[in-house]
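The following paragraphs go through selected parts of the structure in turn. Please keep the sequence and the 3D view open while reading.

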Amino acid sequence: MTTVLTTGPGLRGGLGESVRRPDGGPKARGEFAFSSDLEAEDMLWAHLLRSPHPSAAISSLDLSPAFAVPGVAAVLAAGDVPGRQSFGLDYPDQPVFAGKVVRHVGEPIAAVAADHPITARRAAEAIAVTYEVTEPLTDPEAAMEAPPIHERGNVLFHQDIVHGDPGATGEVSVEGSYATAMQDQAFLGPESALAVPAGDGGVDLYLATQWLHVDRDQIAACLGLPLDLVRLHLSGVGGAFGAREDMSMQVQLCLLAMRTGRPVKIVFSREESFLGHVHRHPARMWYRHSADADGNLVKVEAKLILDGGAYLSSSPAVLQNAACFAAGPYRVPNAVVDATAVRTNNPPCGAMRGFGAVQVCFAYETQMDKLAAALRMDPVELRLRNALRTGDTMITGQVLSGAAPVAEVIRAVAAAPLPAEPGPSDAPEIALPGGAGRTAERDRVRRGIGFAVGFKNLMYSAGFDDFTTARCRLEEGRVTITSAAVEVGQGLVTLMQQIARHIFGVADVSLGEATTAGIGSAGSTSASRQTWMTGGAVEAACRAVAERLVSSVAQRLERPLASLRLDGGRVCSDDGAVDLSLVGAASGQVFEETAVYRHPPTEELDEKGQGNAHVSFAFGAHRAVVDVDLDLGLVRVVDVTTAQDVGRALNPLQLIGQIEGGTAQGVGLAVMEEIVLDRGTVRNPSFTDYIIPTALDSPPVTIAGLIEEPEPGAPHGAKGAGEPPAISSTAAVAAAIRDATGLELARVPIRPQDIALALAAFEEDRQ
Amino acid sequence: MLRLPRFRYLRPQSVAEAADLMAEHGEQAMLVAGGTDLLPKMKRGQMEAEILVGLGHLAELRQLERSDDGGLRIGAGVTLSQIVHDAALARLYPGYVRAAALVSSPALRNAGTIGGNLCVDTRCNFYDQSYEWRMAVGFCMKKDGDICRVAPASKRCRAIASSDTAPAAMALGATVTLVSSAGRREVPVSALYEDDGQFYLAKAADEIIESIQLPAATDWSSSYVKVRRRGSIDFPLAGVAVALKAAGPVIEEGRIVITAVASRPLDVSEAAEPLVGCTLASLLEGQRDELLTGVAASAARPAKPLDNADLHYVWRKQMTRRGVEQAVREAATALLARSA
Ligand SMILES: Cc1cc2nc3c(=O)[nH]c(=O)nc-3n(C[C@H](O)[C@H](O)[C@H](O)COP(=O)(O)OP(=O)(O)OC[C@H]3O[C@@H](n4cnc5c(N)ncnc54)[C@H](O)[C@@H]3O)c2cc1C
Ligand code: SF4
């Protein structure tokens, strides 16, 4: 199904090939250096003192007991921040150190640097803080009316969408209230970094992040330093999924390094990691769908409340996404969406793979199933009937101009063969719910099938100046690509090399260091944007070098430029008279070009939520098959089949990796992943209690289709594939469990008790 | 990052020397075998020991031998993986082997020992947390505090018995040999436990489990059912071990032990009495479903799960009942297959 784009005769590793990643082997062998492996001579260790309370006033803070601990080199708190006192991606509302109040459990209050991590921890514990504990605000609905817990109020962002005729009515309507829990990105490498003070009064920070330049800008503002004195260098990233978009300890670490004049390292514990990064917003969603008797959608009404936790982070953009995609990938002539992100004393929420599109997908797809039932229509048929097509208008008023193979992804998934029913010969240890626990009996197991479609935007939206920078250098036949774009594990490094090989026709492509020192921003590794954006910049830089190379040959040999071309690693002329290797063509010259790539501009939404806010969209569908033990409520996800709108498969192996990973993360949210909150306290900040699917719980992911309809304007026609596979698997699994049990199940994750206790005589056991 | 606190590691050359070291160092010292339970707990400050006396390297704790009565004597230092991969053992004691196979993950079973598994700490989600978390929420009676966070009115800690192999061993009527500088004694596995989440072991702290003795299993079969959410790693949310005896087509004796629903594994074998006299066939062919339901209900009656583990406590109790039915069926199936 995937076409191979040619790269030149005999050359491996070009576009369209399943090129293996350079970091794959080392990672599998445990040899890859992550940011937690960083070391420097004479280095100190940092530890942050964090608030134990979700809401409290700090009435006194005495750092002296920490200074008294032998081995302590520095102790810092509010008042030690020379520049801006707070940071934030959208607006700096989050203090570097809490001053007079703390607003969530885990908020940093002080930082210690000491000669050993345990010394630093003990010293932080010794700091005397007096809290006046106040009642935490943890209910997002109550937050809208409650007294503000921050001077900027409790409403973080509000987005209305009014499209078409808000008064329109259909013949059939269905209604429902839905909820999704707070999900953690659950990356494996906890937050870690090494800050090294520099002789010029600046600082070098080696870290795992998603966007070097935006971190740098925020750090420099807080340190009160010019940008060029704060240099960020990418270190090995152990997964990100949105959790590394915000700052977690960058400023505190740099401050400690500058105060002590020594390198300072920090590595969070898993618990700190849970408290120290933003999560997927929990959502409460009310919906009403109206359709005519034939199943054509007439109107979608939705009220969405996202719990943003204590600080703003990227809540506005997440909320805007939730609102824009609230009706799903369907033609909806009339829509009324009322979406609010609120501030509470829960842990802050922000970016996570899918970015607002996951929560609403669970709700609108459940609604589509309800509507199909009310219409006595096949749910797949209902979706096909309403599927968006190129040229359709979305609820934001934007006309869909790019590729929109919604019907294709639906059809591909619906047509895929179903997995076989478990037979008596299948090992029960693996084949039944409860896995190796073998807690299920076959005759109490019901199979269910569920279906869901989802979509989201690619790249930054709503008027954001989204650009990326890349440099290409050609020297002695070797190509070096430099960019500050972050490889988080998705395979961008492989792709950059593939693009360069494609253009120059040489195998030997090296990559420069990703750093803020010496190259401009590549933008964030998020919003499924790097293949398109950095891919575009690398392509442009390579083309510019190739052009200069060819024209230098034309000049030197006094031949018309048009008669020469770069082909398969050689500069040749149509008549065959010129045929030079890259080295020969360059004739000792070095070529270097830096390119900045921008996608077409977007607009902000107006007060009715109308506007051309997005560049491009990607669509995907999942079908889940589950076996549910009706007594135990245990679920085994037997198979997930998916089709994805990818534009063009530039590296099928990596693409499939993204699809499998995204699908699994969605399965996790459907059946187990949840940060359990009890009045603002995280009850399960460990991988013992915050459970994610193990290999035994992850279903095989069957790819029914990689729909390759090249996206106009995208380099090589490729759409981003980081997030789209994570959008509809949650909804599909939930639908399958509903199909098996007949229960409503309006909240994810669906826990065994939600099934078993609902089905059994709950009261009988209560006594 | 959590680091292990400083401690001294002592490496005795024999069990006798280990016993002497334990006597010498008293409360400062703890035993360590695979370390898969103890070391993470030391990182989180749940356990504090200045001295660890290592057992994992002692060859004398890794013997497996037939005893005179046809049973088996297994050294406490045998790893869970060794148990799992012993085909002969699986034929004789399927419940015990299954329980071992269901402990955590392959990597942990390679290190974790059966002695350590019998002594594995009780669990509670107010206790299995870092020092900082517990300090933030308030320490509890089991460590550093004085009240129970789950049941504030409770005079004792209600943390949950979480060993998978303990109930399986109890259902087999197994015993352990305990060695200390004061001597050696053999006690039933059931006598190892106290119904107290904090002081959950009835043995003295310096007593070393040298071996576990599984009695002859002629005419017996056994099973173990574990309820957990994932296919791997998770501790039991409910666990049921069953052993049934039948020389012919009729059940002669039955034992049921439930776990993860109290601070010790509960021997509820009286509940199995109605099974005595039932034919295996009638039980399996659905003619005695009501009887089995009754057995399961009375077996689960003493289960008093609290809200201190994953998932709803009412669900966990219900799962115990289901586990009993299933474990009985499995053991009966094995016996019937054998008699056929
Ligand atoms: C992620 C994870 C999941 C787990 N899941 C499970 C599970 O599902 N089921 C389960 O049962 N366990 C589980 N465990 C706990 C543990 O891995 C096992 O119980 C293991 O068998 C313990 O054996 P060990 O040798 O490592 O014990 P250690 O950690 O060495 O010791 C545990 C305790 O036993 C004592 N001890 C050890 N040997 C002896 C001896 N010979 N005599 C007297 N006292 C002794 C120690 O002093 C200590 O108090 C899990 C652990 C982890 C980290
Ligand atoms: S049951 Fe009570 S005392 Fe025991 S560990 Fe849990 S909270 Fe602490």
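In this predicted model, strand E20 of chain A runs parallel to strand E21 (residues 509-511) of chain A, and three bridges join the two. Between them the chain passes through helix H13 (residues 492-504) of chain A, in a β-α-β crossover that is right-handed. One of the paired positions is A:Ile481, whose bridge partner in E21(A) is A:Leu511.

E20(A), residues 478-482, also pairs with strand E19 (residues 467-475) of chain A. Here the sense is antiparallel, with five bridges. Opposite A:Thr480 of E20(A) stands A:Arg473. E19(A) and E20(A) form a hairpin with two residues between the strands, and in this hairpin A:Glu476 takes a positive phi near 50 degrees.

Next comes a helix of chain A. Helix H8, residues 315-324, is mostly covered, with nine of its 10 residues buried. The buried positions include A:Ser315, A:Gln320 and A:Asn321, as well as A:Val318, A:Leu319 and A:Cys324. What do the buried residues of H8(A) pack against? Their partners in chain A are strands E9 (155-163), E16 (297-307), E17 (334-342) and E18 (445-458), together with helix H9 (357-375).

The last stop is a ligand site. Ligand 2 is surrounded by 14 residues, and the closest are B:Cys124, B:Tyr127, B:Cys140, B:Cys148 and B:Cys157. Sorted by class, the shell around ligand 2 consists of nine nonpolar, two polar and three charged residues.

Note on methods. Residues numbered from 1 in each chain as written. Chains lettered and ligands numbered in written order. Predicted model: local features only at pLDDT ≥ 70, side-chain atom pairs only at ≥ 80, totals over all residues. Buried ≥ 20, exposed ≤ 12 C-beta atoms within 10 Å, placed from the backbone. Helix = DSSP H or I, 4+ residues; strand = E, 2+ residues; numbered from the N terminus. Contact = placed C-beta atoms within 7 Å. Pairing = 2+ DSSP bridges. Right-handed = clockwise from strand over helix to strand, strands pointing away. Near = placed C-beta within 6 Å. Nonpolar A, V, L, I, M, F, W, Y, C, P; charged D, E, K, R; others polar.
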